[in-house]
Amino acid sequence: MPVSLTAHAIPAIVAGDINTIPLLQVLDIKLMSNNKQQERYRLLLSDAVSSQQAMLATQLNDRVKSGQVRKGSVVRLIEYICSPIQNRKIVVVLNMETIMLDCEIIGNPTPFVEFDLPAQGALLNNSMQNLSKSSNYQLPPQNPSYNVQNFQLPPKNASSYVPNFRPTVQPPYQPPPVYRGQGAIMRNEAPSRVIPISALNPYQGRWAIKARVTAKGDLRRYNNARGDGKVFSFDLLDSEGGEIRVTCFNAVVDQFYDAIEVGRVYMISKGSLKPAQKNYNHLKNEWEILLDSTSTVELFPGEDDSIPKQQFSFKPINDIENFDNNSILDVIGVVTRVNPSVPILRKNGIETQRRILILKDWSGRSVELTLWGEFCNREGQNLQQMVDAGLFPILAVKAGKVNDFSGKSIGTISATQLFINPDFPEARSLRDWFDRVGKDSASLSISKDIIPGGPKNDVRKTLSQIKDEGLGRSDKPDWITVKATISFIKTDSFYYTACPLKIGERQCNKKVTKSGNSRWLCDRCNQEFDECDYRFLLQAQILDHTGITWVTAFQETGEEIMSFTAKELYSLKHEQEDDDKFIGIIKSRLFNEFVFRLKIKEELYGDEQRVKITVAKADKVDYSSESRYVLDMISKIGRQ
C-alpha cells in the first residue's frame with residue numbers, strides 16, 4: 001500500500017519544531033554500544049527528501065530487539081527533541097509508533113545539510129506554487145500538523161509532474177511569538193519543558209522534571225586526593241513511575257540539603273546527567289542527575305495525587321533464593337521474631353548496632369532481616385515491643401540488600417526504608433492470609449544452608465565469600481566449610497617447640513624457649529627439662545575456583561594434612577638432614593583436595609586488625625558424600 005511521508009519534516013525538526021507528529025521512514029539502525037548497562041541505537045530517519053541521524057531513547061530499545069522497528073519501517077514520531085552535539089544536531093526519539101513494519105525506500109533522500117531554513121522554505125514554496133500552476137496540481141492548505149490525509153494526487157495528464165513522492169507544503173519553522181522581538185539575547189530564555197524521568201538523557205539541553213522525593217540519604221563526608229568534601233543524594237519518583245537518583249556535592253549540598261524533604265513534590269531543572277553508579281545506585285535508571293550551583297529545585301505548591309508516595313516491586317521470599325549476593329530488592333512479610341540488639345565493632349573501629357528479625361510470607365518461606373545502626377533503635381525497638389505484646393506486624397522493606405552468608409538473608413543499607421503496617425493492598429492481603437492460616441503454618445527458612453550429613457552449624461562457602469561477606473569481623477568467630485586444594489606449604493616454620501608436661505589431664509603445649517643452661521623452659525609451668533615436644537604450626541595456601549587464601553593448621557589438623565607428626569618431619573629435616581625426602585613429602589601433599597572446616601576471626605596484631613583463618617578439621621574428600629551434596633543443591637535449584 002502506498003505511504004506518504006511528512007514532507008520537509010527533517011528541516012522543521014532540525015530547526016526546533018517539536019509540536020508536530022511527523023511520519024518518517026527508518027533507513028538504517030546501528031547499535032552504538034554493546035554495554036548492556038548503556039545500550040544505545042542510532043537511527044537514520046528520512047522524510048523522502050532529506051535524512052537525519054537520530055538517537056533512540058533507551059526505553060525504546062526493546063522495539064528494536066523485538067523487531068517492532070527495523071530498516072525500512074515507517075514510523076510516527078510522537079515525542080522527540082533535537083539537541084546540538086559537537087557542532088551538529090542530533091534528534092533524540094523519546095516515543096514513537098510503527099505504522100508499517102516493512103516498506104521499500106521512499107523517495108531519494110540525501111543527508112540534510114542545515115542552512116538558511118527560512119530561505120529554504122520560501123524556495124520550496126515558490127517551486128511548489130509553480131508546479132501547481134503548470135500541472136493543475138492542487139496544493140492542500142498549509143497544515144501545521146503535517147496531516148498526510150490531505151495529500152492529493154495530480155491528474156493523469158500532468159506529464160510535467162515527475163517527483164516519486166507526494167509532499168505536503170509546510171511553511172518554514174518560526175519560533176513561538178512570545179520569544180520574538182526581545183532583541184539580542186545571550187542564551188535561550190524559554191522555560192524548560194517538563195518531561196517524564198524516563199525521557200531524560202544527556203543529549204538534552206533544557207529540561208525540567210516534576211517528581212516526589214521518596215528517599216533522602218544522610219550527609220556524608222569524604223577525603224580524597226583533592227581534599228575534603230561532602231555529598232548527599234535523594235531519590236525521585238514521577239507520575240509515570242520513572243525513578244532517578246539526584247546527587248549534590250560540597251557547596252551544592254549547602255544549597256539544597258535543608259530544602260529537600262521526603263514525601264514532597266519538586267520541580268527540578270538545569271542539572272547534568274551522568275551514568276548511574278550501579279554499585280551504589282539500585283534504581284532502574286541508567287542515569288543519575290548531578291546538581292550544580294545553577295540548578296533549580298522548587299517546591300511544588302500543594303499536593304499532586306498523580307505522583308505515588310512510593311513505588312515497590314515486592315519479591316516473594318522464596319524468589320530471594322535465586323538472587324545474587326548484593327542484589328537490591330523490595331520484600332514484604334510478617335515479623336514473627338525479633339532478636340535483641342547487640343553491639344558490633346566494624347572494620348574501621350567504629351561500634352554499631354545489629355538486630356536480626358524473621359520475616360515470613362505466603363510462599364512458605366522465611367528469611368532473616370538484619371537491621372544495622374539506627375534501624376535497630378527506631379524501627380527495631382518498635383517491632384520488638386509489638387512482637388513481645390503478641391502482635392505480628394507487617395513490614396515492607398524498600399531497597400534491602402541480599403546476603404548469601406548462611407543461606408540467603410537481607411540486610412539494611414543507607415538507602416533502605418522500612419514501613420511498619422503500611423496501608424496498601426499487598427499489606428492487607430498478607431495480613432488477611434496470616435490471620436486466617438499463616439499464623440499456624442510452618443515455613444522453611446532460606447537463611448540456613450545446611451550441609452547434608454554434617455553438623456547443623458556447618459555452612460558451605462567458597463573462599464571468595466570470606467572477603468566479600470566480611471567473615472570473622474563480628475564479635476563471634478564465623479565457622480564455614482570449604483572444599484579446596486593445597487597449593488603451597490611453608491617449610492621454614494612448620495612447627496613450634498612445645499612444653500611436654502601435663503597440667504591435670506591435659507598437656508601444657510605452651511611454647512618453650514631454651515634457658516641459659518641449654519635446657520628448655522616453660523613460663524607457664526615454671527619448669528625446665530631436657531627434651532621438648534614438637535607441634536605443628538603449619539601455614540599453607542589453599543585455593544578453589546573462586547580464590548586463594550592463607551590458613552593455619554595446628555597439631556591435629558596438621559597431621560591430617562601431612563600424614564606425619566611434626567616431630568617426624570623435624571627429625572627428618574634437622575637431625576637426619578635428609579632434605580630430598582623432606583621436600584618429597586611436602587610436594588606429595590600439594591594439590592591434594594580436602595574438605596576444610598575453618599574458624600575465621602579478626603584478631604589484633606600490634607596495632608593492626610587482621611583476619612585469622614584456622615583449620616579446625618581437614619578431611620579427605622569423600623566423593624560419595626560430595627556427590628550427595630551436589631545432587632541436593634541441584635534438587636534445591638529445581639524446586640525453585
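**From one tryptophan to the whole fold**

Trp433 has a relative accessibility of 13% and therefore counts as buried, since the term applies to residues under 20%. The model in which this residue is examined is a predicted one. Its protein chain contains 13 helices and 34 strands. Of the 640 residues in the chain, 44% are buried. Among the contacts in the chain with a separation of 6 or more, 62% are between residues 24 or more positions apart.

Phe312 is partly exposed, with a relative accessibility of 23%. Phe419 is also partly exposed, at 25%.

Trp362 lies in the loop between strand S17 (351-360) and strand S18 (365-372), and Trp433 lies in helix H8 (residues 425-436), so parts that are 71 residues apart in sequence are tied together. Whereas Trp433 is buried, Trp362 is partly exposed at 44% relative accessibility.

Aromatic rings also gather in a group and meet charged side chains. Phe494, Tyr495, Tyr534, Tyr570 and Phe582 make up one aromatic cluster. The charged end of Arg378 sits over the ring of Phe375, at 5.3 Å from the ring centre. Likewise, the charged end of Lys490 sits over the ring of Trp550, 5.4 Å from its centre.

The next topic is the interior. In soluble globular proteins, nonpolar side chains tend to be buried together. In this model the largest nonpolar core has 31 residues, and those with the most contacts inside it are Ile209, Phe234, Leu236, Ile289 and Leu291. Among the elements that give two or more residues to this core are strand S7 (208-216), strand S9 (227-237), strand S10 (243-249) and helix H4 (251-256). Beyond its neighbours within four places in sequence, Leu236 is in contact with several residues, including Ile197, Ile209, Val213, Ile244, Val246 and Ile268. A second, separate core has 30 residues, among them Leu463, Leu471, Val482 and Ala540.

The loop between S10 and H4 holds Asn250. The phi of Asn250 is near 50 degrees, a positive value in a residue other than glycine. Asn250 is partly exposed, with a relative accessibility of 32%.

The strands also form sheets. A closed barrel of 5 strands runs in the order S23-S31-S32-S34-S33, and its pairing is mixed. From one strand to the next, the twist averages 55 degrees. Strand S31 (residues 538-543) and strand S32 (residues 548-553) run antiparallel and are joined by 6 bridges. Within this pairing, Gln541 stands opposite Trp550 in S32. Helix H10 packs on the sheet, where it touches S23, S31, S32, S33 and S34, and its direction makes about 55 degrees with that of S34.

An open sheet of 3 strands has the order S27-S28-S29 and antiparallel pairing. Strand S27 (513-514) and strand S29 (527-529) are at the edges with a single partner strand each, so one side of each is left without a neighbour in the sheet. Strand S28 (residues 520-522) is joined to S29 by 3 bridges. In one of the facing positions, Trp520 has Phe529 of S29 as its bridge partner.

In helix H11 (residues 566-575), the buried residues are Ala566, Leu569, Tyr570, Ser571 and Leu572. These buried residues pack against strand S24 (495-498), strand S30 (533-536), helix H10 (555-562) and helix H12 (579-589). Just after H11, Glu577 takes a positive phi of about 55 degrees.

Notes:
Residues are numbered from 1 along each chain as its sequence is written. This is a predicted model: local features need pLDDT of at least 70, side-chain atom pairs count only at pLDDT 80 or more; totals for chains, interfaces and linings use all residues. Side-chain values use heavy atoms; hydrogens and water are left out. Buried means under 20% relative accessible area, exposed over 50%, partly exposed in between (1.4 Å probe, protein chains only). Helices (H or I, at least four residues) and strands (E, at least two) are DSSP runs, numbered from the N terminus. Rings of Phe, Tyr and Trp (its six-membered ring) pair if their centres lie within 6.5 Å; planes under 30 degrees apart count as stacked, over 60 as edge-to-face and the rest as tilted. A charge sits over a ring if NZ of Lys or CZ of Arg is within 6 Å of the ring centre and within 35 degrees of the ring normal. Two strands pair if DSSP finds at least two bridges between them. A nonpolar core is a set of buried Ala, Val, Leu, Ile, Met, Phe, Trp, Tyr and Cys residues joined through side-chain atoms within 4.5 Å. Contact means heavy atoms within 4.5 Å. Axes are lines fitted to C-alpha atoms, for helices over the stretch in contact, and angles run from 0 to 180 degrees between N-to-C directions.
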